[in-house]
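I opened this one up and kept short notes as I went. Here they are, in the order I looked things up.

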Amino acid sequence: MLPKRYDQLRPFATLGVILLVWLFVPLVVKTFTRATFFAIQAPLAVADSYVQDLQTFWLTKLHTKEEMWQSGRQVAGLIAQYEFSVQQNKELDAEILRLENLLKLPSMPSFRFEPARVARRDFSGWWQRLIIRKGENYGIPVGAPVVFAGGVVGRVIEVHRYTAVVDLLTSPTFRLAATVSGDNKPISYQGGLNPSFRSPRGTVEFVPLDILASRSAAFSRPEWRSVTSPASNPAPTASSKAVRSPSTSGSAR
Amino acid sequence: MRKYDPRWAIVFGANLLLWWLIGLANNYLASSAVHLYAGGLFVVYASLRLDRKHGLIAIVLTGLLIDAVEPVPYGTSLLLLGLVHATLLYGRQRFPREGAVFGIVVALFANLFLVIALSFLLVGANPRPASAWLRIFADLLASQLLLLVITPWFLALQDRAMEMVSIHPETGRRVSL
């Protein structure tokens, strides 16, 4: 029996033993437990997204036939526009192929778009992430870029069986090299400026002196440009994202 | 003493429920750029009301649960929650741990410690740490206000769950309703 003063320290000793054991646990076991614990709570995160879908469905059912007919007309107009765009795209693809053959250029990398719904948003000062409702079951690879109608959102950093985790462009952990259209000098982009009650932003560094931002872009210093992220107002529009994954096997760009 | 003792499972289940609700709230608060963190509340019941063994199991499982989702080195939450748990166990005999008010105080201090510790770990990656700290303190303020409101409910929920299975949280003995 230990003296009382030592007995009180038993919780710390137990914690120490647990941490010591934890340090020597093989990586395989840690990876397995992490995947298991993620899988335990993944249905919870996805379930409320499905409940929202159901809610939207019943809300739509409450509309009158007149409202539905008007919406149908609008959708029909949109479909016509999109059909025309698809035709134009096909023509442009054919033109690109013709020029590639003519100039003997290597073919451009092609991507497959995989639309996915957002199950969970987690935007803090520490990280900015999304969980989407597609994963290994749709062949989503790690590193695939994620886009929406307004531009790039981020990239896939974790892929699970039915879900995938997206690191947003505004996350402090997000960093990439980019080029301005029409210029081949590399610039650096990093997310991480996420003030409360305001739109999150990223930072562009090492911008060549011959490239100037327009007046509409916010300036903090002459050599730094802050760029408003497309994920800045995700609530109304970000219910659906598209993951661009390479159509051929291999790592994503 | 019963053959199967579900105390750790009750506390872990309650923590899972709270984790889900906080995640749901954060999902809806995403457009306001406010983030809630309630890690401090996970340790309160396990440390103040449960016995050492079951409290430790609940804390270890909760830590691993959080680590599986958050982009931190695996084991970080296990270490931090374990540290808070050990500290509370060390001093719990000296305090009126049955009361909700003391539970609130513990939850607030534990949450403060966890947020600051996590921030020191993660804020280094930020290109402008000063502005990151401003955001973290705003989030911390919102989280503490939330804890002030939900701690009595969360403690009562776990107490009620223990009552439903007719078990005393600390001794594990069967209690009559």
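I started with the fold of chain B, which reads α-α-α-α-α-α along the sequence. That is six helices and zero strands; helices are DSSP runs of H or I with at least four residues, strands are runs of E with at least two, and both are numbered from the N terminus.

A note on ground rules: this is a predicted model, where local features need pLDDT of at least 70, side-chain atom pairs count only at pLDDT 80 or more, and totals for chains, interfaces and linings use all residues. Residues are numbered from 1 along each chain as its sequence is written, while chains are lettered from A and ligands numbered from 1 in the order in which they are written.

**Overall shape of chain B**

The C-alpha trace spans about 55 × 30 × 25 Å along its principal axes.

Next I asked what share of the residues of chain B is buried. The figure is 45% of the 177. Buried here takes 20 or more other C-beta atoms within 10 Å of a residue's own, exposed is 12 or fewer, and partly exposed is in between, with C-beta atoms placed from the backbone.

I also looked at contacts, meaning two residues whose C-beta atoms, placed from the backbone, lie within 7 Å. Among those in chain B between residues at least 6 apart in sequence, 71% join residues at least 24 apart.

**α2(B)**

Is α2(B) enclosed or open? I found 10 of its 10 residues buried, so α2(B) is largely enclosed by the rest of the structure. Among them are B:F42, B:Y45 and B:L48. The buried residues of α2(B) pack against α1, α3, α4, α5 and α6 of chain B.

α5(B) has 23 residues and reaches 32 Å from first C-alpha to last, close to the expected 33 Å; the expected span is 1.5 Å times one less than the number of residues. Its buried residues include B:G103, B:N111 and B:L118, and the buried set packs against α2 (39-48), α4 and α6 of chain B.

I then looked at α4(B) against α5(B): the axes come within 11 Å and cross at roughly 145°. Axes are lines fitted to C-alpha atoms over the stretch in contact, and angles run from 0 to 180 degrees between N-to-C directions. From α4(B), B:T76, B:L80, B:V84 and B:L88 make the contact, and the α5(B) residues include B:F113 and B:L121.

**Where chain B meets chain A**

How many residues of chain B touch chain A? I get 42, in contact with 42 residues of chain A. On the chain B side, α1 (7-29), α3 (52-69), α4 (76-91), α5 (100-122) and α6 (129-164) each supply at least two residues. α3(B) gives the most, with eight.

**One spot in chain A**

Last, I looked up A:V142, which sits in the loop between β2 (128-132) and β3 (145-148) of chain A. A:V142 is partly exposed, with 13 other C-beta atoms within 10 Å. Beyond its neighbours within four places in sequence, A:V142 is in contact with A:V156, A:I157, A:E158 and A:V159.
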